[in-house]
Amino acid sequence: MTLDTEVAPVAPPPPRLQATVHTEEAAATPARPPKLTARAFDLFYGAVHALKKVTLAIPPDSVTAIIGPSGCGKSTLLRSFNRMNDLIRGVRTSGRITLDGEDILGPTDVVTLRRRVGMVFQRPNPFPMSIFDNVAFGLRLLGVRDRGELEGRVELSLRRAALWDEVKDRLEVGALQLSGGQQQRLCIARGLAVEPEVLLMDEPASALDPTATARIEELVLALKSSYTIVVVTHNMQQAARISDRTAFMLSGELIEYGETSRIFTSPRQKLTEDYITGRFG
Amino acid sequence: MTPRVPEPFPRIRFGGVSRTRRVTDAVVLGGCRVAAWLTLVPLGLVLWHLVDKGRHALTVGFFVHNPKPVGEPGGGMANAIVGTFVLLGIAAAIAVPVGVAAGVYLAEYGRNRFATTVRYVADVLSGVPSIVVGVVAYGLVVIPMGRFSAFAGGVSLAILMLPTIVRSTEEMVLLVPRSYREGALALGAPEWRVTQQVVLPAAAAGITTSCMLALARAAGETAPLLFTALGNRFWSVALDRPIGSLPVLIFDYARSPYEDWNRQAWTGALVLLILIALMSAALRYTTRRIR
């Protein structure tokens, strides 16, 4: 299969005519090296070949969406970027994944890697402790003990996650009292508190109602100026709304990867077209 | 050939459920109800008997006086009540840290042969008769120390509590959602900190419950204390001396030929039951607050 962007890591496609939002991004991208790359990346769960020779490059300070039907490997790929798959027994990988050009699959310090590459999960998973302690959790791991500094950083993180105004008067309340959408923004704040460079989001809005979903989407757009964001989503409209680039996966293979506007308007692969027009999946 | 339209099913007469079905239903339901009542009978009998026979000697003096010699009126079980708490304290101090730590190990790292062995041994241990545990503690503690002691009694109770605490801690830790662990790991937490700061607090309520349950069971044990704490008719809280306890004193008094002592044995049993009930009530209250 000829992949649209097999070569993209080295030479991104020239900017082409497209929707206004993306013009600046496309113009800015070529100058900067990719933040994250996967090269001929294979992953096996025991005998199951879950990812097949996946190659893609994710530019910094942008939103990249990974779409595809259930079981296509999009979450697996996402979880490879911070080695969360290490937790699953019987996982083998080959190929390369790099962060800022450095291989992360080898004897990397996984703890440091995960501090640089934060993650938000499908179901909001705040810890059963207070709102404050949730956000401060990662900071305390890093050894921040000073109450004043903790308070300042917790507030900043909650503001960035657009949750501050809703919780500022009840930071000591248990996090499980919040609504689902608030819990998810809390998880984002918790991730942001340790100042990651990349934020991985695994269907961050699929367990939320439309209003909460809209807030998460706004948040993603606001955050992309300072973070590299990779979002796995089932929802193609969501991918179209929030992402700069889109990757389409099917049965463990990366079928097509490129500018979101191009993927959704003139896909080059028949499979991509069939999927986004709702013919399967 | 034109496709054949299937014949419609014959209409069911909804005249009501058949007689046999109604009878079966009534019999089975009635049987279950009787069984449920039957489980209440022993508890009711125990309570009724204890209150009936124990109330006569239930006075303030029972709680503040030590046993008196035969023939002397009055006398209570103050030393035995305190002794029971001392023994439980020693047992908890040993069994809770060891049991909780082992349970966490089994849950978090327990996919190896060693863990399987530990699990199996814990299950076997929970089936060992308590009198055997008493004999073992006698050999392990009493003989080397050269005398019966509160400490030896505490050790024997701790051995009895251990399997319950280990196995239920493991279950409670396994109940902590995987998503908590993933969330903490994704923040760059090393595994031991995930266990310490996320998993254990989340499982705390359940672990407390199981520890209290084990403690309540240990509170009523008599057999292992006969070879270890021995019993003591006098006030003593020294850990290296024999110590009185409610079960042992009840045992002694119930076997004695003196009517007065028999009466006090009933009262002792009533007090023991009340203490255990109070402990369970306190436990329910505290765990609700933790949540």
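## Before we start

Because this is a predicted model, local features need pLDDT of at least 70 and side-chain atom pairs count only at pLDDT 80 or more, while totals for chains, interfaces and linings use all residues. Residues are numbered from 1 along each chain as its sequence is written, and chains are lettered from A and ligands numbered from 1 in the order in which they are written.

## Chain A at a glance

Let's begin with what chain A is built from: eleven helices and ten strands. Here helices (H or I, at least four residues) and strands (E, at least two) are DSSP runs, numbered from the N terminus.

Chain A has 281 residues, and 47% of them count as buried. A residue is buried if 20 or more other C-beta atoms lie within 10 Å of its own, exposed if 12 or fewer, and partly exposed in between, with the C-beta atoms placed from the backbone. Now for contacts, where two residues qualify if their C-beta atoms, placed from the backbone, lie within 7 Å. Take the contacts in chain A between residues at least 6 apart in sequence: 70% of these join residues at least 24 apart.

Find K53(A) in strand β2 (residues 48–58) of chain A. Its phi is near 45°, a positive value in a residue other than glycine. K53(A) is partly exposed, since 18 other C-beta atoms lie within 10 Å. R83(A) also has a positive phi without being glycine, with a value near 60°. You'll find R83(A) in the loop between α2 (74–80) and β4 (91–99) of chain A, and it counts as partly exposed, with 19 C-beta neighbours inside 10 Å.

Is G73(A) buried or exposed? G73(A) is buried, because 22 other C-beta atoms lie within 10 Å. G73(A) sits in the loop between β3 (63–67) and α2 of chain A. Leaving out residues up to four places away in sequence, G73(A) touches A50(A), L51(A), M249(A) and G252(A). Take A50(A): G73(A) is 23 residues from A50(A) in sequence, yet their C-alpha atoms are 6.0 Å apart in space.

## Two helices side by side in chain A

Two packed helices are described by the angle between their axes and the distance between the axes. The axes are lines fitted to C-alpha atoms, for helices over the stretch in contact, and angles run from 0 to 180 degrees between N-to-C directions. For α4(A) and α7(A), the axes come within 7 Å and cross at roughly 30°. That is why α4(A) and α7(A) are roughly parallel to each other (angles under 35 degrees count as roughly parallel, over 145 as roughly antiparallel, 65 to 115 as roughly perpendicular and the rest as oblique).

The crossing of α4(A) and α7(A) is right-handed; a crossing is left-handed if the near helix is turned anticlockwise from the far one by less than a right angle, and right-handed if clockwise. From α4(A), the contact uses I131(A), N134(A), V135(A), F137(A), G138(A) and L139(A), and from α7(A) it uses L186(A), A189(A), R190(A) and A193(A). Sorted by class, that contact has seven nonpolar, two polar and one charged residues. Ala, Val, Leu, Ile, Met, Phe, Trp, Tyr, Cys and Pro count as nonpolar, Asp, Glu, Lys and Arg as charged, and the others, Gly among them, as polar.

## Over to chain B

Chain B has eleven helices and zero strands. The radius of gyration of chain B is 27 Å, well over the 19 Å that the globule rule gives for 291 residues, so chain B is more spread out than a compact globule. That radius is taken over C-alpha atoms, and the rule is 2.2 Å times the number of residues to the power 0.38. Along its principal axes, the C-alpha trace of chain B spans about 105 × 60 × 35 Å. Buried residues make up 37% of chain B.

Which way do α7(B) and α8(B) run relative to each other? Helix α7 (residues 178–186) and helix α8 (residues 191–219) of chain B pack at an angle of about 155°, with their axes 10 Å apart, and they are therefore roughly antiparallel. In this contact, Y180(B), R181(B), A184(B) and L185(B) of α7(B) meet V194(B), V198(B), V199(B) and A202(B) of α8(B).

## Where the chains touch

Finally, 21 residues of chain A are in contact with 14 residues of chain B. On the chain A side, α3 (110–116), β6 (117–120), α4 (131–141) and α7 (180–193) each supply at least two residues. The largest share, four residues, comes from α3(A). By class, the side of chain A that touches chain B has eleven nonpolar, six polar and four charged residues.
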